[in-house]
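Take a look at the sequence and the structure before reading on.

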Amino acid sequence: MKFHVIDLIHKKRSGKRLNKEEIHSFISGYTWGTIPDYQMAAFLMAVYFQGMDFQETTNLTQAMMHSGTMIRLADIKKPKIDKHSTGGIGDKVSLVLAPLVASCGVCVPMISGRGLGHTGGTLDKLESIPGMRTHLSIKEFKKQLTKIGVAMIGQTAEIAPADKKMYALRDVTATVDSIPLIAASIMSKKLAEGLDGLVLDVKFGSGAFMNDFEDAEELAETMIQIGKRTRVKVVALLTDMNNPLGEYIGNSLEIIEAIETLKNRGPEDLMELTIALGELMLEIAGIEGGSKILERKIMSGEALHKFKEIISHQGGDLRIIEDYSRLPVAKNKVRILAPKAGYIHIIDNFKIGMLLVKLGGGRLTKEDTIDPSCGFRIYKKIGDVVKKRECIGEILCDHNTKARVVAEELNNVFTIRKKLCRPKRLIREIIY
Ligand code: URA
């Protein structure tokens, strides 16, 4: 290697800026194993404390992106646009948005993750559909994109392998919550998809990765700046995650809610966010029509048809579209009643996510297996009025003891006060 690893760590530790060559050399050394974990851990901690400017973060992103395979989609003539969400509670937007936008003529090469901790993952939700394959090879992925314009798969080992190693190390060295490291991690994987554009849903609030609006804004701005420097159109929506999105939380339950939304029977907030993100995807794809065309594709059934195509191409059981009993859904229900009358002031979304883990529907470590059948239905949003003993939530779980234990805790998720409380605005800001 041309550089001394210790010099590079020292330089970053002293708050100086590493240049493109230095960063590329460090990341490729780590990917190939010539730089050990302990030196990368020191580097990550130096970045954590000293930060990185936009250009340095872009160089880090590109170095991580080039650590693996770049998917080349130039043969597909449609605009290639994806969406990324920083994750939340009940966030099943991708399941509706990918087929919806693809039905408008956009190519959507969607690579998603699994749930971890309090946030859910699109892959786990998709895998609750019997037979559904989410591990396609890059060749199969491209073939499906060429044929139907959309595929929804999991991260492959070939894409940004540096990120996989670095993320695992960040997890055990208290360096996850660093904005340049998060931005580079997300963008390295997304840019490797060969996109023309990317729409980001950066969430803030109790169920989000970023609690504070200001941090979410800084993360969004950083990712937009990476887009500008790599010539990929990136737009971000900043959205409130203090309420669960939709009514259902849990893998199979969210598939049902997404299908209901594609049948034009979905909850208002899920529809609002899906349409807003879809409009931005169409805008950067250069397709006119905005929300009107998206709404038309739902009304006409074309968006649902595209979802069916995704399921059938990926080996899933299409009969679930009309017969939800073919999905693994718990039969046992426990109702949660409001202990007093008043207004809902707080819903502790983080806690709801962790209670899903307790039910078995989420995971604490990447190795944990999940039970797709369980989850919650939350009837109320912040600002809603409740009567004493009104049903505000429901637990669906066939394991009686678990359901009873979680029921007691789910009650504490809601803060009800006499004082009037205003509803939360879901979409707070658009950043270009
Ligand atoms: N999601 C990612 O992909 N990377 C991070 O660092 C954080 C969230």
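## Model and domains

This is a predicted model. The domain assignment divides the protein into three stretches: domain 1 (5–51), domain 2 (81–321) and domain 3 (329–417). Domain 1 and domain 3 have C-alpha centres 43 Å apart.

## Around the ligand

Seven names make up the surroundings of the ligand. They are Tyr167, Arg170, Ile182, Ser185, Ile186, Lys189 and Phe209. By type, the shell has four nonpolar residues, one polar residue and two charged residues.

Three of these side chains come with contact distances. Arg170 places a polar side-chain atom 2.9 Å from a ligand oxygen. Lys189 also has a polar side-chain atom by a ligand oxygen, at 2.5 Å.

How much of the ligand does the protein bury? Alone, the ligand exposes 240 Å², and the protein buries 84% of that. Two elements each give two or more residues to the shell: helix 8 (161–171) and helix 9 (179–191). Helix 9 gives the most, with four residues.

## Cysteines

How many disulfides does the model contain? The count is zero. Cys374 shows the reasoning at one site. A disulfide needs two cysteine sulfur atoms within 2.5 Å. The closest cysteine sulfur to that of Cys374 belongs to Cys397, and it is 5.4 Å away, so the pair is too far apart for a bond.

Is Cys374 buried or exposed? The cut-off for buried is under 20% relative accessible area. Cys374 has 0% relative accessibility, so it counts as buried. Cys421 is buried too, because its relative accessible area is 14%.

## A loop residue

Where does Asn412 lie? Asn412 is in the loop that runs between helix 16 (400–411) and strand 12 (414–417). A residue counts as exposed when its relative accessible area is over 50%. Asn412 has 55% relative accessibility, so it counts as exposed.

Asn412 can also be placed relative to Arg389. In sequence, the two are 23 residues apart. In space, Asn412 and Arg389 are 14 Å apart, C-alpha to C-alpha.

Terms used: Residues numbered from 1 in each chain as written. Predicted model: local features only at pLDDT ≥ 70, side-chain atom pairs only at ≥ 80, totals over all residues. Heavy atoms only, no water. Near = heavy atom within 4 Å. Polar contact = N/O pair within 3.5 Å; in protein donor to acceptor, adjacent residues only side chain to side chain. Areas by Shrake-Rupley, 256 points an atom, 1.4 Å probe, with all protein chains shown as cover. Nonpolar A, V, L, I, M, F, W, Y, C, P; charged D, E, K, R; others polar. Buried < 20%, exposed > 50% of the residue type's maximum accessible area, 1.4 Å probe, protein only. Domains from an automatic or database assignment.
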